[in-house]
Amino acid sequence: MEKKRILTGDRPTGKLHIGHYFGSIRKRVEMQNSGDYDMYILIADVQALTDNFNNPEKVRKNVRELLMDYLACGLDPKKVTIYIQSMIPETAELTVYFSNLVTISRLQRNPTVKTEIAQKKELFGESVTYGFLGYPVSQAADIVTFEGELVPAGEDQEPLVEQAREIVRKFNNIYGDVLKEPKIVLSEGKRIKGLDGNEKMGKSLGNAIYLSDSEEEITKKVMSAITDPNRIKKDDLGNPDICMVAYYHKLFSTKEEVDTVCKECKEGKRGCVNCKKQLAKNIIEYLRPIREKRAYYEEHPELVDKILKEGTAKAKKTAEKTMEKVKKAMKLDYFE
Ligand code: TRP
Ligand code: SF4
C-alpha cells in the first residue's frame, strides 16, 4: 500500500523550545519512526517573511537553526524530506492560482490570522499587508504542492488547514477532482505553559526553555519559575496545583517523583529550592541527547547545508509532478 503523504513545517523565526517539542515535533518523530508515512517538512521562510519582510537576515539565519533543532530531535533526513520553501517556486505559482479561490473577507475571518494581525500592530499599523493576509493561501499551496494528506500540527493551525480544505474543494469543483483534501493531525500533547504560568511560551516573554539551552541556562530558568505564592517558609502547606515547578515535574519527572513532590508540598515537608533543583536536573537529563546532537551539527555546518540541499532537490521533483497535474486541470498545459 502506498504510504500516506504528510506535509508539515515551521516558520524559521527562532530556536525551538520545549513547547514546540511537546506540541508538534515529538509527534512528527513518532510518525517518522512508524515507517507508515512519506513525510515532507518545510522550513517556511516565505511565510516567515510575511511578518519579517524587514528582517531577512533573521529569517536566513533561522533556516539553519531550525534544521539543527529538527535533526537534534531525531528527524532523520534519510526518512523524511526537509526542504526550504522559497526554493520551490511551484508553491509560489500555486499560491497565485489559489488566490482566485478565496475571498478577502474569508481571509479576514480566519481566526489565526485575526489573532496574529492584532498582535502585530507594531509592524502593520492600521493596515495589514496583502502578503500577510494571504499567507493561508500560500500555506494551502505548501500542502497541495506536495499532495499532503495529513498535516500534523498544533491546534493554532486548525483554521489554516480548514482554509486549505476549502480551497481544495473549490479547486476540485471547478477544475475536476484532482487534489486531495488535507486533514490536520493534532498532536495529542497539550500546549505547555511558560515557566511564569503564562499560557503561551515564547522568546519575548522570557519564559521558555530552548532545546539548545545550556545546563546553566536551564537551571537559571527553572530557579526563576513561579511557585505557590502562599508558600514562604518551608513548612507552609503548599498547593502544587498552582505551582509551575510541579506542573513541569509532571512533564519531565517520573510518576513516583511527581507523587512525592505533590505529597511533600501539601504537607509542608518540601523546600521550593530543592524542588526546583531536582526539576532542573531532570530537564537537563531529558534534553541531554537533543542538546548533544545539536552541538554536533553546530560543529558541522557543511552537513547542515548538505541536508538542506538534498532535501530541497528531492522536494523540487515532487513539486514539479504535482504542478503538471494542476496546470493540466486548469487548461494551462499549452505545449507538450
Ligand atoms: N504556519 C506554520 C507556522 O506558523 C508553518 C507552516 C507553513 C506550515 N506552511 C505549512 C505548517 C504547511 C503546516 C503545513 O509555523
Ligand atoms: Fe512548587 Fe515544589 Fe515549592 Fe511545592 S515545594 S510550591 S511543588 S516548588
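Phe 124 and Phe 132 are both buried in this predicted model. Their ring centres are 5.1 Å apart and the planes meet at 50 degrees, so the pair is tilted, since edge-to-face requires an angle over 60 degrees and stacked one under 30.

A pair of aromatic rings is described by the distance of the centres and the angle of the planes. By this rule the structure contains 14 aromatic pairs. One of them joins Tyr 21 and Tyr 286, whose ring centres are separated by 6.5 Å and whose planes are 80 degrees apart, an edge-to-face arrangement. Tyr 21 belongs to helix α1 (residues 18–34) and Tyr 286 to helix α14 (residues 272–298), so this pair ties together parts of the chain that are 265 residues apart in sequence. Tyr 21 has a relative accessible area of 11% and is therefore buried, whereas Tyr 286, at 30%, is partly exposed. Both tyrosines are members of one aromatic cluster, which also includes Phe 22, Tyr 247, Tyr 248 and Phe 252. A ring also takes part in a contact with a charged group: the charged end of Arg 11 is placed over the ring of Tyr 135, at 4.7 Å from the ring centre.

Helix α6 (residues 111–119) has a buried side and an exposed one. Its buried residues are Thr 112, Val 113, Glu 116 and Ile 117. These residues span an arc of only 130 degrees around the axis, which means that they lie on the same side of α6. The exposed residues Lys 114, Ala 118 and Gln 119 are found on the face turned away from that buried side. The elements covering the buried residues of α6 include α5 (104–109), α7 (121–124), α8 (130–133), α9 (135–145) and α10 (158–175). At the N-terminal end, α6 is capped by Asn 110, which has a side-chain oxygen 3.0 Å from the backbone nitrogen of Thr 112.

Ligand 1 is surrounded by 13 residues, of which the closest are Arg 11, Gln 47, Gln 139, Asp 142 and Gln 157.

Gln 32 is located in helix α1 and, with a relative accessibility of 7%, counts as buried. Beyond four places in sequence, Gln 32 touches Met 39, Gly 74, Leu 75, Asp 76, Lys 79 and Val 80. Its C-alpha atom is 9.8 Å from that of Ile 6, a residue 26 positions away along the chain.

Asp 213 is situated in the loop connecting β5 (183–186) with α11 (215–223). Its relative accessible area is 5%, so Asp 213 is buried. The side chain of Asp 213 lies 2.9 Å from the backbone nitrogen of Tyr 210 and makes a polar contact of 2.6 Å with the side chain of Lys 221. Apart from neighbours within four places in sequence, the residues in contact with Asp 213 are Ala 208, Ile 218, Lys 221 and Arg 291.

Conventions:
Residues are numbered from 1 along each chain as its sequence is written. Chains are lettered from A and ligands numbered from 1 in the order in which they are written. This is a predicted model: local features need pLDDT of at least 70, side-chain atom pairs count only at pLDDT 80 or more; totals for chains, interfaces and linings use all residues. Side-chain values use heavy atoms; hydrogens and water are left out. Rings of Phe, Tyr and Trp (its six-membered ring) pair if their centres lie within 6.5 Å; planes under 30 degrees apart count as stacked, over 60 as edge-to-face and the rest as tilted. Helices (H or I, at least four residues) and strands (E, at least two) are DSSP runs, numbered from the N terminus. Buried means under 20% relative accessible area, exposed over 50%, partly exposed in between (1.4 Å probe, protein chains only). A charge sits over a ring if NZ of Lys or CZ of Arg is within 6 Å of the ring centre and within 35 degrees of the ring normal. The arc is that of the directions from the helix axis to the C-beta atoms. Contact means heavy atoms within 4.5 Å. A polar contact is a pair of N or O atoms within 3.5 Å; within protein, one must be able to donate a hydrogen and the other to accept it, and residues adjacent in sequence count only if both atoms are side-chain atoms. A residue is near a molecule or strand if one of its heavy atoms lies within 4 Å of it.
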